[in-house]
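Reader: I would like to go through this structure and ask for the grounds behind each label. Please set the values against the cut-offs as you answer.

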Amino acid sequence: MNSLLAVVRVLFIVLVFLVCVICDVFARSADNQEGRVPRAWYSLPEDGGGDEELVFSTGDRLLKTNLLRIFSAQRQALVSSGVDLAAEGLSDPGFLKSPVKNDRPADWVPWRLAAFASDLAVSAGGQVGVLAFKGTPSVSVIWRKREKAHLDRAQAPKKTGGIESLGTRTVFRMSESLRGVELDEQIESIYRMAKASGKVRKTKRLRTEISQAVQKFREMGSAVSASPFSSQWYPSHLRMDLEITVEGRVKWGTVGGAVGLRLEWERLISTKSNSKQLKFSEKQEGLLDLVGAIAVDLEATQRAWTPANPRFAPTLLVVALAINAQGNIGVARASGSVAGMVYFSRTPQDFLPRLASASSPSARFAKASWWLIDDKSEPRAFAFARAGGIESIRTKNGASYRVARERFRQGLKKAFQIGDYFAARAAESASDDWAISEIRPGFTMSVGGGLGLATLTGSATAVLILQDTKF
Amino acid sequence: MNNCFRAKICLVFSLGGLLSGCAVDGIPLLGLDDSGEFVERFASDRQFAEELRLATAQVRESTFLALRDARHEPTDTLRTVAVGLGFNLSAGLGSVVSIGVSPRVRFIFSNSQVPVVP
């Protein structure tokens, strides 16, 4: 009798435990909306939601709590991970100090862990967490160590022409002023690099191909430089990726080449617009319209926007570029078609007073339009564009959509607000040693021009960078 | 029911409740698995911070050693080193099972006062 009672008791305990487990599974699988970002943040109109005109709503309390606990755990790990260099046998003067004092760059300091970056992800259902598996990051978070001595950012060393290696892609930097013998030397360096790789079989026309590509890139760069300064934002930098094929041909884009090449154009800051003096090709005019219009829209968005968290400010917008079948350059809608990037920077504060006498953005850029280029032709997106009266071109290799400026501005406003939300949580998480200095939310663009926070399965073709201005 | 049995029942309820709470409470870890399916797990705050601390300390030491050993190489113009890795965590799968996950992070070492974060 006693043994039967014991068996019953054990079975009862097991049953209670199983009930707990089942309740847990049901709780987890329930369609619980807490702790998620609002649907309007990430859902695009062509996907059945996310009208940019919706009143912006911030997430609930659990979303805030989750973000704060992620940042808190990261801060705790960074603060407590310090290593005593002497104890590790790393206090060797040859390591901590530059071997030749006279050779030290002006901003030289001993090696140290200066920054830490991690990615947050947003699921298709709006859940937010640390990106721990595969998928597209939605928001990158950059932590920096607080240091006593800081150089004025304006005194930071300027990037100069030169070649450096970045993964499998060789980077070729050109400032706007680089020309003549220096430019020829850089072209020759690229030629030698490609030849020495042993991956390019036919090199007879290689030097000419590289030279032509560089010339074409410089033409694109000059279109970027020709766009006028608005008072607070300007297109500052152009990056294009190219591939040198086995046959020694140079192609724009990032797919299928033997040697990767990256060309970087750095614009010199100036109050003068030379768009009226220069004669541009149709394609250059298209790029000029694109960068001029985006700069004007950024300016308008900035002016109309009041940040909830003024400590962090948007300082950079990076937009992916693509080239369509007609050879026109536009904004990329999917990451597979990205051929380069254009960067929009905030004009330095000390430069703003001089802009008072500069020409204001012309009426041309207030009305200019540009293309959104997709390497796929999604029937649903194309049907949405047609139904909405959006001018669109469909080919075998993708589709292009004429972007509505008003929708793009609304998308920018939403992007600013989303960045501001994450920045506010970042500002709450600082310590004396480490603090989040940058928040980089990534966005997907809708066929109408709106923006939505990139999700795990999406692609981010525009990134807004918000920086802690008091760091 | 005797006291011992009551105590066991309470213990099981507490344990079940605790595990249940832990599974949906903590730091959310998201992503897509190899077949593209959405995956969500939770790690305790303490475990997340501790594993990240260990990874940070180890990466810092390894990178400093590598930089010290390379200081006589022609790398005088080396200004910034970015190291990306996934640190290991044990995260909740339902109430009673845990799996290993690797959130990816990047560490940026520099000898520049104003390092560029890639």
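Reader: Which residues of H7(A) and H11(A) make the contact?

Author: H7(A) contributes Ala293(A), Asp297(A), Leu298(A), Ala300(A) and Thr301(A). From H11(A) come Arg405(A), Phe408(A), Arg409(A), Leu412(A), Lys413(A) and Phe416(A). By class there are six nonpolar, one polar and four charged residues in the contact of H7(A) with H11(A).

Reader: What makes H6(A) oblique to H7(A)?

Author: The axes of helix H6 (residues 206-226) of chain A and helix H7 (residues 282-304) of chain A cross at roughly 40 degrees and come within 8 Å. Roughly parallel would need an angle under 35 degrees, and roughly perpendicular one from 65 to 115. H6(A) is therefore oblique to H7(A). The crossing of H6(A) with H7(A) is right-handed.

Reader: Which residues of H6(A) and H7(A) form that contact?

Author: On H6(A) they are Glu219(A), Met220(A), Ala223(A), Val224(A) and Ala226(A). On H7(A) they are Gln284(A), Leu287(A), Leu288(A) and Val291(A). The contact of H6(A) with H7(A) has seven nonpolar residues, one polar and one charged.

Reader: Which residues of H5(A) and H6(A) meet?

Author: Ile187(A), Ile190(A), Tyr191(A), Ala194(A) and Lys195(A) of H5(A) meet Leu206(A), Arg207(A), Ile210(A), Ser211(A) and Val214(A) of H6(A). Seven nonpolar, one polar and two charged residues make up the contact of H5(A) with H6(A).

Reader: Ile390(A) lies in a loop. How do you know whether Ile390(A) is buried or exposed?

Author: The loop runs between helix H10 (379-387) and strand E13 (392-395) of chain A. Ile390(A) has 21 C-beta neighbours inside 10 Å. The cut-off for buried is 20 or more, so Ile390(A) counts as buried.

Reader: Which residues is Ile390(A) in contact with, leaving aside neighbours within four places in sequence?

Author: They are Ala385(A), Tyr401(A), Arg402(A), Ala404(A), Val447(A) and Gly448(A). Tyr401(A) is 11 residues from Ile390(A) along the chain, and their C-alpha atoms are separated by 6.8 Å.

Reader: What is the mean pLDDT of chain A, and where does pLDDT stay under 50?

Author: Chain A averages 80, and 79% of its residues score at least 70. Over residues 149-166 of chain A, pLDDT stays under 50, although the model has 31 contacts beyond four places in sequence for that stretch. Where pLDDT is low, the predicted coordinates should not be read in detail.

Reader: How many helices and strands does chain B have, and how many of its residues count as buried?

Author: Chain B has two helices and six strands, in the order α-β-β-α-β-β-β-β from the N terminus. Of its 118 residues, 31% count as buried.

Note on methods: Residues numbered from 1 in each chain as written. Chains lettered and ligands numbered in written order. Predicted model: local features only at pLDDT ≥ 70, side-chain atom pairs only at ≥ 80, totals over all residues. Helix = DSSP H or I, 4+ residues; strand = E, 2+ residues; numbered from the N terminus. Buried ≥ 20, exposed ≤ 12 C-beta atoms within 10 Å, placed from the backbone. Axes fitted to C-alpha atoms, helices over the stretch in contact; angles between N-to-C directions. Parallel < 35°, antiparallel > 145°, perpendicular 65-115°, else oblique. Left-handed = near helix turned anticlockwise from the far one by under 90°. Contact = placed C-beta atoms within 7 Å. Nonpolar A, V, L, I, M, F, W, Y, C, P; charged D, E, K, R; others polar. pLDDT = per-residue confidence, 0-100.
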